[in-house]
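Here is a friendly walk through one protein and the molecule it holds. Have a look at the structure first, then read on.

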Amino acid sequence: MTSQHNRPAIAVTGLRKSFGDHLVLDGIDLTVPPGTVFSLLGANGAGKTTTVKILTTLNRADAGEARVAGHDVAREPDAVRAAIGVTGQFSAVDKLLNGAENLRLMADLHHLSRAEGRERAGRLLERFDLTDAARKPAATYSGGMLRRLDLAMTLVGNPQVIFLDEPTTGLDPRSRREMWQIVRDLVADGVTVFLTTQYLDEADELADRIAVLDGGRVVAEGTAEELKRRIPGGHVRLHFAGEDQLDAARRVLGQATREGDALALRVPSDGSLTALKTLIDRLDERAVKVDEMSVHTPDLDDVFLALTGNRTTERVTN
Ligand SMILES: Nc1ncnc2c1ncn2[C@@H]1O[C@H](COP(=O)(O)OP(=O)(O)OP(=O)(O)O)[C@@H](O)[C@H]1O
Ligand SMILES: [Mg+2]
């Protein structure tokens with residue numbers, strides 16, 4: 001039992017994939033603990049969907065190993081499929097069917113009994129706020145409703161691991177937040193979520209760990225905070241009540257630069273607890289009074305641009 005719980009939900013080593021002479025994945029390693037959200041970031045064409053397709057058995061790797069929910073994706077694809085749900089970059093909803101029919105179709109694919117299928121479809125429609133729309137053709141749904149239906153369809157099979165490939169692309173801010181809450185609820189229920197996204201605030205908001213894919217490799221991996229600390233630009237902003245305090249702080253801190261004419265100094269810092277404590281102790285020792293203090297870390301957009309060198313790896317193959 002214990003080993004089951006400690007086992008990674010996803011474990012990938014040395015994954016490689018080329019399309020013709022185009023090397024897309026050049027040996028990637030990933031480990032995702034169960035009950036967490038893992039986000040894979042990368043520019044257009046970096047290989048995110050390719051990774052998702054390999055992990056969900058829709059595509060085969062050229063080399064390397066991948067286990068999902070404890071099963072090898074190449075050797076035990078059926079066991080992997082039984083344990084996962086996938087919401088692809090492009091919707092799986094059949095627009096000619098209504099919401100309830102789409103869900104019941106999924107229930108049939110999962111070999112649920114008629115009664116069970118109806119019951120589960122009903123519960124999911126309610127959970128995703130689609131009860132009123134259940135009898136309307138999906139073609140009439142808004143983008144947000146389609147995404148919710150798509151995700152509801154993924155959940156029909158009670159998956160342990162869910163792959164969400166750009167789940168909120170094209171959604172308005174409110175629908176995106178609803179989707180985030182759904183993801184959080186899933187994780188609270190113990191589900192593992194593998195998420196790709198172009199929205200770095202989404203990864204920041206949801207992901208326990210983030211990996212950045214570039215040039216076929218994972219160029220950085222860690223929590224959002226760890227990634228932000230890796231790049232320069234972080235600083236602590238100190239605001240003072242008067243010139244005398246600002247000057248005193250300047251003498252104590254050395255490295256500080258003044259922010260224009262404001263009564264504020266910027267001190268380069270990685271924003272870590274240790275760095276902040278050292279800074280506060282130094283000011284305290286000299287009895288320098290700080291009016292306000294704020295930590296500015298680079299956001300994930302800065303991290304992404306720094307790590308991927310603004311490169312675009314998109315390539316059209318015919
Ligand atoms: N079946 C295929 N045949 C040939 N090339 C492919 C195939 N699938 C993907 N590629 C190529 O592999 C590269 C990675 O594609 P992939 O779809 O994994 O990128 P992505 O990171 O998901 O991009 P996006 O952010 O645009 O969704 C691209 O250059 C793409 O053109
Ligand atoms: Mg993609």
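This is a predicted model: local features need pLDDT of at least 70, side-chain atom pairs count only at pLDDT 80 or more; totals for chains, interfaces and linings use all residues.

A residue counts as buried under 20% relative accessible area, as exposed over 50%, and as partly exposed in between (1.4 Å probe, protein chains only). Residues are numbered from 1 along each chain as its sequence is written, chains are lettered from A and ligands numbered from 1 in the order in which they are written, and side-chain values use heavy atoms, with hydrogens and water left out.

**The whole protein**

Let's start with the big picture. Taken along the principal axes, the C-alpha atoms fill a box of roughly 75 × 50 × 45 Å. The accessible surface comes to about 16300 Å², and 48% of it belongs to carbon and sulfur atoms. Such areas come from the Shrake-Rupley method with a 1.4 Å probe, and for residues only the protein chains shown count as cover. Contact here means heavy atoms within 4.5 Å. Among contacts between residues at least 6 apart in sequence, 69% join residues at least 24 apart.

**Inside the protein**

In soluble globular proteins, nonpolar side chains tend to be buried together. A nonpolar core is a set of buried Ala, Val, Leu, Ile, Met, Phe, Trp, Tyr and Cys residues joined through side-chain atoms within 4.5 Å. The largest one here has 49 residues, and those with the most contacts inside it include Val-37, Phe-128 and Val-193. Apart from it lies another core of 26 residues, Leu-15, Val-24, Ile-54 and Phe-163 among them.

Val-37 sits in strand 3 (residues 37-42) and counts as buried because its relative accessibility is 4%. Leaving aside neighbours within four places in sequence, Val-37 is in contact with residues including Val-183, Val-187, Val-193 and Leu-195. Val-37 and Leu-195 are 158 residues apart along the chain, yet their C-alpha atoms are separated by 7.1 Å. Val-193, on the same terms, is in contact with Val-37, Phe-38, Ile-162 and Leu-164, among others.

Arg-148 belongs to helix 6 (residues 143-155). Is Arg-148 buried or exposed? Arg-148 counts as buried, because its relative accessibility is 12%. Its side chain reaches the backbone oxygen of Phe-128 at 2.8 Å. Not counting residues up to four places away in sequence, Arg-148 also touches Asp-129, among others. Asp-129 is found in the loop between helix 5 (114-127) and helix 6, and counts as exposed because its relative accessible area is 64%.

**Around the ligand**

Now for ligand 1. A residue is near a molecule if one of its heavy atoms lies within 4 Å of it. Of the 16 residues around ligand 1, Gly-45, Lys-48, Thr-49, Thr-50 and Gln-198 come nearest. By class, this shell has four nonpolar, nine polar and three charged residues. Ala, Val, Leu, Ile, Met, Phe, Trp, Tyr, Cys and Pro count as nonpolar, Asp, Glu, Lys and Arg as charged, and the others, Gly among them, as polar.

A polar contact is a pair of N or O atoms within 3.5 Å; within protein, one must be able to donate a hydrogen and the other to accept it, and residues adjacent in sequence count only if both atoms are side-chain atoms.

| Residue | Part of the residue | Distance from an oxygen atom of ligand 1 |
|---|---|---|
| Gly-45 | polar backbone atom | 2.8 Å |
| Thr-50 | N or O atom in the side chain | 2.5 Å |
| Glu-166 | N or O atom in the side chain | 3.4 Å |

Taken alone, ligand 1 exposes 640 Å², and the protein buries 73% of that.

Helix 2 supplies the largest share of the shell, three residues. This helix is mostly covered, with six of its eight residues buried, including Lys-48 and Thr-50.

Glu-166 lies in the loop between strand 7 (161-165) and helix 7 (173-188). Glu-166 counts as buried because its relative accessible area is 7%. Most residues other than glycine have a negative phi. Glu-166 has a positive phi of about 50 degrees although it is not a glycine.

Terms used
Helices (H or I, at least four residues) and strands (E, at least two) are DSSP runs, numbered from the N terminus.
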